[in-house]
Each structure stands twice: as C-alpha cells, then as structure tokens.
Amino acid sequence: MEAALSERTISCLLDQIDELREEVTDLKANGGAADYYYHVEGVKTKVWPPVRPTDKNIVMIGGGGGFIGSHLAKRLKEEGEYIVIADWAKNIYFEDSEFCNEYHMLDLRFQDNADKACTGVHDVYDLAADMGGMGFIESNHTVILQNSIRININCLASCVEFGVKKFFFSSSACVYPDYAQTQAGEFTPNLKESDAWPADIRSNAYGFEKLVTEEATKWTAHDHPIEVHVARFHNIYGPQGTWCGGREKAPAAFCRKVITNDEVFPMWGDGEQTRSFCLVDDCVEGVIRIMRSDCYEPLNLGSDELISMNDMAKLAMSFENKQLRIEHIPGPQGVRGRNSDNTMIKEKLGWAPSITLPVGLKKTYFWIKQKVAEEVANGADIDTYKGSVIVKATLKDDGASVRKGGN
Ligand code: NAD
Ligand code: GDD
C-alpha cells in the first residue's frame with residue numbers, strides 16, 4: 001500500500017530540493033572554495049575563481065615562496081607575466097609586490113589545494129619540495145619522500161584536470177646513480193643526462209623521488225595534451241637562499257662559518273669531496289630558456305666549474321682575507337664527487353650557465369654577512385652560527401614550523 005504524503009511534507013521536500021540546488025550552484029561557482037582566502041596584489045580576498053588579466057600569461061609557481069621560486073617569480077613578473085604563487089609558507093626576504101601578483105598559502109600535499117593553485121593558469125612551474133642540503137637529505141628520507149611525491153603527483157593531476165598548457169619540474173643532480181659518483185678529484189665524473197639510467201639511487205630517498213616524478217611528468221605528457229620540461233639542478237646557491245637552520249647547502253654554510261668563526265672552520269668529511277655550484281641568476285635564466293624551448297627531455301642545469309670542499313672553504317675565506325684552520329669532522333657527505341656535463345644543454349639551447357663561483361660566492365657571502373649582522377642585532381647568539389646542525393623533520397610539520405626552523 002502506498003503511503004500518501006501530506007501537502008505539507010511535499011512542500012518541505014521541494015524546499016529542501018531548492019536549497020540543495022542553490023548549494024550545488026554555489027559550490028560550482030566557487031569551485032568548492034567558498035571559505036578560501038588568498039592575497040591579490042597584497043589585498044586579502046575570497047572572490048573565487050580569481051579574476052585575472054586576459055592579456056597576460058598566467059604563471060603558477062608551486063614553492064614560489066622559496067629560494068629559486070621567488071627569484072624565478074621576480075624575473076617573470078619583471079617580464080610582464082602574471083604570477084600566482086602557491087606555497088605553504090610566506091617568503092621571508094621579498095615583499096609580495098616585488099615578485100608576485102597573487103599569493104596562495106596552500107599545502108600542496110592535498111589535492112584540493114593543488115586544484116586551487118592550478119585553476120585558470122597557463123603555465124605551472126613546480127618547485128615545491130621538502131628539501132635541503134646533505135645534512136637534511138640524509139636524515140629525513142621518509143618525510144622528504146612522502147611530502148614531495150604527494151606535492152608533485154597532485155600538481156600533475158591538477159594540471160591535467162584544469163587544462164594547464166606547460167609544466168616545468170625541478171629535478172636534481174641527485175637522480176644520478178650512486179655507483180657513478182664514487183670518485184673525487186681528477187676522477188670526478190661529468191654526469192650526462194643519459195647516465196641517470198639504469199637507475200641506482202639507494203643512498204637517498206630525495207633523488208629517487210625526483211626520478212619517479214621525472215617519469216610521472218613524461219607519462220603525463222604522453223597521455224595528455226600538456227607540454228612538460230624538466231631540469232636537473234646542480235647545487236644552486238645565492239642571496240635569499242637558506243643559510244642556517246639545518247637545510248642550507250655547502251655554499252651558504254661555508255660563507256656563514258667563515259663570517260662567524262675566528263679560528264677554525266668545521267668541515268664535514270675530509271674536504272676532498274667535489275661538486276659544482278650554480279648561481280641562482282644562471283638557474284633562473286636556464287629554467288626560463290628550458291620552459292620556452294622545444295626540449296622535452298630532462299636537462300642538466302648547473303655549472304661545470306668543479307671545486308673541492310676544501311678549496312671552496314678557502315675561497316670563502318679569501319673575501320675578507322680570513323685565515324681559519326679547516327677542522328675535518330664527521331658529518332653527512334652525500335656522494336664523493338659530481339660535476340655537470342653541459343654538452344646537451346649547449347646543444348639544445350645554445351646556452352649554459354657561465355657565472356663563476358668566485359663571483360657568485362662573493363655576492364652570497366656579503367648578503368649572508370648582512371643577515372648575520374641583522375640576527376645578532378636582534379639578539380641572536382653568534383655562536384649558534386659557527387657550525388652546522390642536523391634537523392629532524394616530521395610529517396606533522398607545516399610551512400610555519402619549517403620557516404621557523406631557519407629558512
Ligand atoms: P626551497 O626550500 O627554498 O623552496 C621550496 C619551497 O617549497 C619552499 O618555499 C617551501 O615552503 C615549499 N613547500 C614545501 N613543502 C610544501 C608544501 N607541502 N606545500 C606547498 N609548498 C611547499 O628550495 P629551493 O632551493 O628553492 O628548491 C626549489 C626546487 O628545486 C625544489 O624542488 C628542489 O628540490 C629543487 N632543487 C634545488 C636544488 C638547490 O640546490 N637549491 C638542487 C636540486 C633541486
Ligand atoms: N650543507 C653542508 N654544510 N655541507 C657541508 C658542510 C656543511 O656545514 N661541511 C661540509 N659539507 C659538505 C657535505 O658533506 C657534502 O659533501 C658537500 O659539502 C656538499 O653538500 P651540500 O651542498 O649540502 O649537498 P650536495 O651537493 O651533496 O647535494 C645538494 O645538491 C643537490 C643537487 O646538486 C643537495 O642540496 C641536494 O638537495 C641537491 O639536489
């Protein structure tokens with residue numbers, strides 16, 4: 001027997017259907033971002049979707065609040081592109097107006113956040129990662145792997161979903177096999193792009209994650225109408241980079257140690273390890289050239305000026321004629337030696353990084369000197385900058401706690 005509905009029940013149900021319709025319409029209009037706030041030209045707003053100029057290239061930089069991302073953003077903004085930053089922390093050295101048009105505080109480990117970041121943009125540069133120098137990489141394998149793989153896979157998926165045209169991924173020299181990097185000095189290998197395969201990266205999760213994401217970008221471009229570009233950065237340094245707190249790489253750590261010590265220079269390992277270092281200006285130039293090229297294979301982006309860590313310490317000492325005794329202590333060392341082989345980038349782009357280490361490191365040294373002076377003037381104890389620390393990250397960390405840790 002059918003139960004008869006009273007007129008009142010029917011009217012209530014119809015009202016509920018109307019309310020649901022309104023909610024769905026609202027959700028569609030707001031892209032699920034009804035309570036989401038972000039900054040446009042420094043002003044807080046929750047208008048969604050974002051209203052953007054129609055005559056500009058709209059560029060989203062994931063991790064644009066970080067070192068390389070902020071330099072890249074600044075340069076692209078100066079060239080007239082409209083810059084959208086998505087990062088889980090604020091940049092601490094530039095005002096928003098100096099390097100971006102929109103700032104979205106988003107944790108890209110979550111798909112809906114990656115969706116917000118990739119809505120309505122033409123190009124995406126994915127530079128977001130949980131990363132640092134050897135001190136960080138060798139002590140935080142799980143966090144690095146879990147956080148960065150989520151960020152990268154989410155960003156790729158959102159780009160496909162929202163029809164992004166071009167995608168750039170910041171890979172690393174750490175993708176090269178462990179067995180190919182066991183020699184230093186005159187036997188240091190010049191790593192060419194094809195050396196990445198067959199893969200053998202058992203020493204660190206960071207490099208393996210980068211290689212997995214390189215493959216993910218390749219297959220995404222294979223299956224979808226999106227153009228992808230990949231650069232393998234070789235130790236990028238410069239002003240506005242992390243210089244203390246445990247995530248800093250050797251160039252910044254060495255400048256800080258020379259600036260703050262009077263007698264000894266503590267050095268992890270015997271100092272015979274070799275590397276090449278690339279100033280951020282060259283890195284940004286390279287990223288832009290790669291993104292605008294028709295090269296879709298991973299390219300090395302680094303300097304091929306090889307130096308041992310002992311010699312880099314001496315170079316840092318030379319800027320103010322300091323004579324410190326290098327004290328070799330145990331510490332995380334990474335690979336024994338590596339250099340960038342720049343044959344392929346020269347072939348593909350007719351260009352390669354060229355700023356020398358003495359020029360770039362000097363610039364970095366005096367920027368760090370100024371930062372140390374500011375910190376000490378604010379009450380910091382100079383002794384805390386004399387050595388390098390190892391920090392342990394957790395999956396519960398967020399942008400705020402990471403920046404507080406010294407970035
Ligand atoms: P960085 O740490 O200064 O920048 C990374 C940015 O990503 C930071 O601003 C950080 O807040 C952000 N980020 C981290 N987790 C996030 C999350 N869950 N959601 C949103 N944002 C998040 O590092 P960088 O030196 O500018 O490096 C940029 C990229 O280049 C990274 O992918 C890094 O792995 C790669 N890379 C850098 C070097 C180098 O020497 N600097 C070398 C090889 C590769
Ligand atoms: N960071 C640091 N701090 N390194 C030191 C220190 C110090 O105080 N003292 C000596 N070193 C030595 C390390 O032991 C290592 O052998 C060498 O300096 C270089 O260290 P990093 O600059 O920290 O790292 P990396 O070159 O091994 O790897 C970096 O570059 C890759 C790309 O080339 C990392 O930052 C990776 O994240 C990056 O992908």
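Predicted model: local features only at pLDDT ≥ 70, side-chain atom pairs only at ≥ 80, totals over all residues.
Let me begin with residue classes: Ala, Val, Leu, Ile, Met, Phe, Trp, Tyr, Cys and Pro count as nonpolar, Asp, Glu, Lys and Arg as charged, and the others, Gly among them, as polar. By that scheme, the shell around ligand 2 holds 13 nonpolar, eleven polar and three charged residues.

Residues are numbered from 1 along each chain as its sequence is written, and chains are lettered from A and ligands numbered from 1 in the order in which they are written.

I turn to the chain as a whole. Its secondary structure comes to 13 helices and 17 strands; these are DSSP runs numbered from the N terminus, with helices being H or I of at least four residues and strands E of at least two. The radius of gyration, taken over C-alpha atoms, is 24 Å, close to the 22 Å that the globule rule (2.2 Å times the number of residues to the power 0.38) gives for 407 residues, so the chain is as compact as a globular protein of that length. Along the principal axes, the C-alpha atoms fill a box of roughly 95 × 50 × 45 Å. Of the 407 residues, 45% count as buried, meaning that 20 or more other C-beta atoms, placed from the backbone, lie within 10 Å of the residue's own.

Next, the ligands. A residue is near a molecule if its C-beta atom, placed from the backbone, lies within 6 Å of it. Which residues come nearest to ligand 1? Of the 28 around ligand 1, they are G63, G66, F67, A129 and F233. The elements giving two or more residues to this shell are α2 (67-78), α6 (141-161) and β7 (166-172), and α2 supplies the largest share, three residues. By class, the shell around ligand 1 divides into 13 nonpolar, ten polar and five charged residues.

Ligand 2 is surrounded by 27 residues, the closest being G133, S172, K249, G334 and S388. Here α5 (134-137), α8 (250-260) and β11 (264-268) each give two or more residues, with the largest share, three residues, coming from α5.

Finally, helix α4 (residues 111-118) has N113, A114, K116, A117 and C118 as its buried residues. These pack against β3 (58-62), β4 (82-87), β5 (102-105), β6 (123-126) and α6, where contact requires C-beta atoms within 7 Å. Just after α4, G120 takes a positive phi of about 70 degrees.

Note on methods: Buried ≥ 20, exposed ≤ 12 C-beta atoms within 10 Å, placed from the backbone. Contact = placed C-beta atoms within 7 Å.
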